[in-house]
Amino acid sequence: MRSLRAEVLFSLCLALPAAAFAQTNQPMPRDYRGVQTNIGGIFVTPVPNFPFTADVEIVSHIKTTDGTEHIVTTTEHIARASSGRIYNERRAFVPTDFKGTPRLLGFLIYDPSSRLSIRVDPMQHLAREVTLRAPLQTPEASLAPQQQPKLPGVTETDLGTQRMNGMELQGIRKQRTIPADQSGTAKPIVITDDYWYSPELAIYMTIRHDDPRTGEQLVAVTHVQRTEPSAETFIVPPEYKVVDETTDNSPRARQ
């Protein structure tokens, strides 16, 4: 059975008119790659003057090839300071009956004023610093709905606007049909992804992905506090070794 948290999240997204993609920083899947459990979270845009802290709840309802199903979930934390500095973490997926805090896999701190990107690895107790050659760019799939490029073979439907938690959200649905000879199921498959975007925070608040072959994944930003985050949020803990990996060929960072 689903846990209370999973039920709440599924109910939240079902209340929105549809289904959505769990990785906001990647395009629609090109082909069937089997069950996917490495689900991304929310790209936090490093824009100034819109501080907040929030949780990111991710739930994956997975269907395996032998017909069994299971649900895994996690809760990650994100933040943005008035300066535009951002914090974005990744945590391990756990069963719905797990008690406690999911294991921290890593986090990113990025300061747009200095272009300093810090990726922190808890397993190795390393903080890798890179000063980017250019400002961090928002991935195309994380741009506002009206700014996203049109993808070949993907149909888009404007879902209009609705208010949630005091904010007006803009919705867009993307659908792609996988032909029978490419779907791995001998029949056409329709992948449906819904995105709900907050212009006030410049992030996607609710995302849901539905693929009949692999199941349903959703991402929901919750517990939003539109106040200045603690300064400690953006400081590497003292027990971590800091390594400067900046080179002339340093790539642009991605969340």
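A: Let's start with a term: contact means heavy atoms within 4.5 Å. This is a predicted model, where local features need pLDDT of at least 70 and side-chain atom pairs count only at pLDDT 80 or more, while totals for chains, interfaces and linings use all residues. Residues are numbered from 1 along each chain as its sequence is written, and side-chain values use heavy atoms, with hydrogens and water left out.

Q: Which residues is Thr227 in contact with, leaving aside its neighbours within four places in sequence?
A: Those residues are Pro51, Phe52 and Thr53. Thr227 also lies 9.0 Å from Ser82, C-alpha to C-alpha, though the two are 145 residues apart in sequence.

Q: Where is Thr227 found?
A: Strands are DSSP runs of E with at least two residues, numbered from the N terminus. Thr227 sits in the loop that links strand S12 (215–225) and strand S13 (241–244).

Q: Why does Thr227 count as partly exposed?
A: Buried means under 20% relative accessible area, exposed means over 50%, and partly exposed is in between, with a 1.4 Å probe and protein chains only. Thr227 counts as partly exposed because its relative accessibility is 46%.

Q: Where is the place of Asn165, and where is that of His223?
A: Asn165 is in the loop between strand S8 (154–164) and strand S9 (167–178), whereas His223 is within strand S12. Asn165 counts as exposed because its relative accessibility is 63%; His223, at 57%, counts as exposed too.

How values were computed:
Helices (H or I, at least four residues) and strands (E, at least two) are DSSP runs, numbered from the N terminus.
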